[in-house]
Amino acid sequence: MEQLTPSGTAGVAVVRVPPAQRRAALAALQTRDGAPFASAGVAPRAILHLRGMAIDDVLVVDRGAAGLELHLHGSPAVLAAVQREFGLAPAAPRTPAELLLREALSDAQLDLALEQREFDFAAEVQALASHGPAPCARLRSSALVRSRTAMAMVQPQRVVFIGCQNAGKSTLFNRLLARERALTGPLPGLTRDPVHEVTTLSGYPYELVDTAGEGATPAAVDAAAVEAGRGLRSQALVVLVVAAHRQPTAIDAALRDGSDVLVASQADLGRAEWPSPWRPDVVVSALTEPQSSLRHAIGELLRQHRCLPLAGPVGGFAALDRTQLELLLGTG
Ligand SMILES: Nc1nc2c(ncn2[C@@H]2O[C@H](COP(=O)(O)OP(=O)(O)O)[C@@H](O)[C@H]2O)c(=O)[nH]1
Ligand SMILES: [Mg+2]
């Protein structure tokens, strides 16, 4: 038998019974009245008896040609008894597309997973080599373009929010996540350790990081918090948040150099005339504007900054992880 659920502590364990073990598995099942269990279609509940003992109250799901599934309780004692009787192997490793299918956070990721599940990636890559050198190079380069998009839809891109204290970073961060994850408020220094959360914006996954604001650091821990935030900026998209109703400060000017996009926040409180080189990429009122419009505005800003197409299926086989990408790069 094959354990489909991950090993570990859980309330339920799903086990696949291959056709060869179907008869033996059915023979170990009884109805609650002690009669032989006939068919999963009629009443899917059964009692599993092994070596003369009632082991578990299970659900039986008939997957046709794929075999039977037993939905057991997840206790190690139950699984050990099944293992002893029938043997129990961990589920076969999943492809990146199957993993994405299980973990998709957005419709776009789900659609991509369903599209990519249709392809046998290794076979597709091998088939490239059967073309002449020129068509092979052309097909490979299209696959690489698709792969860049597909991988951006799988691997969360880190986005670090930086700016002065009270710029509105934590408020923006929370509203993008739709929950109060970081403390917000007028007191400076409310955010200390960087806070990380994953969400999708415009269909692409992001690891958002809220950091301690730059400014006066009254205690050593505040300075350490600012330093920790700075350390996260390499390899990340850096979003500088400046309150629209105030003038950018010297600190903002210093942060501007290392940032990728500029967000003018708190626009509901008014807009100060900013000096000419200061042109925000987007103007938001994180506290007051509808969450969907805020998420859309920031999602589109990031997507366009990264030169990515609209998220969704990519129109052909594509690499979803580094291993697949290396396989593709190794061709031709
Ligand atoms: N009116 C208004 N107030 C905001 C907005 N964003 C943040 N604030 C307020 O500004 C203060 C500082 O916000 P916070 O997100 O903690 O700033 P941070 O220090 O940059 O993380 C808080 O009192 C927020 O409620 C906004 O869009 N509009
Ligand atoms: Mg904060």
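The exercises below go from the whole chain to single residues, and the model they rest on is predicted.

**Exercise 1. The whole protein**

Task: Find how many helices and strands the protein has, and what share of its residues counts as buried.

Solution: Start with the secondary structure, which comes to eleven helices and 13 strands. Then turn to burial: of the 332 residues, 43% count as buried. Finally, look at contacts between residues at least 6 apart in sequence; 59% of these join residues at least 24 apart.

**Exercise 2. An open sheet and its helices**

Task: Work out the strand order of the seven-stranded open sheet, and say which strands stand at its edges.

Solution: Tracing the sheet gives the order 3-4-5-6-2-1-7, with mixed pairing. Strand 3 (29–30) and strand 7 (89–90) are at the edges; each has a single partner strand, so one side of each is left without a neighbour in the sheet.

Next, take one pair inside the sheet. Strand 4 (residues 45–50) and strand 5 (residues 53–62) run antiparallel and share six bridges. Leu 48, for instance, has Asp 56 in strand 5 as its bridge partner.

**Exercise 3. The nonpolar cores**

Task: Locate the largest nonpolar core and name the residues with the most contacts inside it.

Solution: This core has 36 residues, and Phe 161, Leu 172, Leu 208 and Ile 298 have the most contacts inside it. Domain 2 (105–153 + 312–329) and domain 3 (157–305) both contribute residues, so the core lies between them. Zoom in on Leu 172: beyond its neighbours within four places in sequence, its contacts include Phe 161, Val 241, Val 263 and Ile 298. There is also a second, separate core of 22 residues, with Val 17, Ala 46, Leu 70 and Leu 88 among them.

As background, nonpolar side chains tend to be buried together in soluble globular proteins.

**Exercise 4. Helix 6 and its cover**

Task: Compare the reach of helix 6 with the expected value, then find what covers its buried residues.

Solution: Helix 6 (residues 133–154) has 22 residues and reaches 30 Å from first to last C-alpha, close to the expected 32 Å. Its buried residues include Cys 136, Arg 140, Arg 146 and Met 153. Among the elements covering the buried residues are helix 4 (107–117), helix 5 (121–128), strand 10 (204–210) and helix 11 (322–329).

Two residues show this cover in detail. Gln 109, in helix 4, is buried at 3% relative accessible area, and its contacts include Met 153 and Pro 205. Pro 205, in strand 10, is buried at 2% and touches, among others, Gln 109, Ala 152 and Met 153.

How values were computed. Residues numbered from 1 in each chain as written. Chains lettered and ligands numbered in written order. Predicted model: local features only at pLDDT ≥ 70, side-chain atom pairs only at ≥ 80, totals over all residues. Heavy atoms only, no water. Helix = DSSP H or I, 4+ residues; strand = E, 2+ residues; numbered from the N terminus. Expected span 1.5 Å × (residues − 1). Buried < 20%, exposed > 50% of the residue type's maximum accessible area, 1.4 Å probe, protein only. Contact = heavy atoms within 4.5 Å. Pairing = 2+ DSSP bridges. Core = buried A, V, L, I, M, F, W, Y, C linked by side-chain atoms within 4.5 Å. Domains from an automatic or database assignment.
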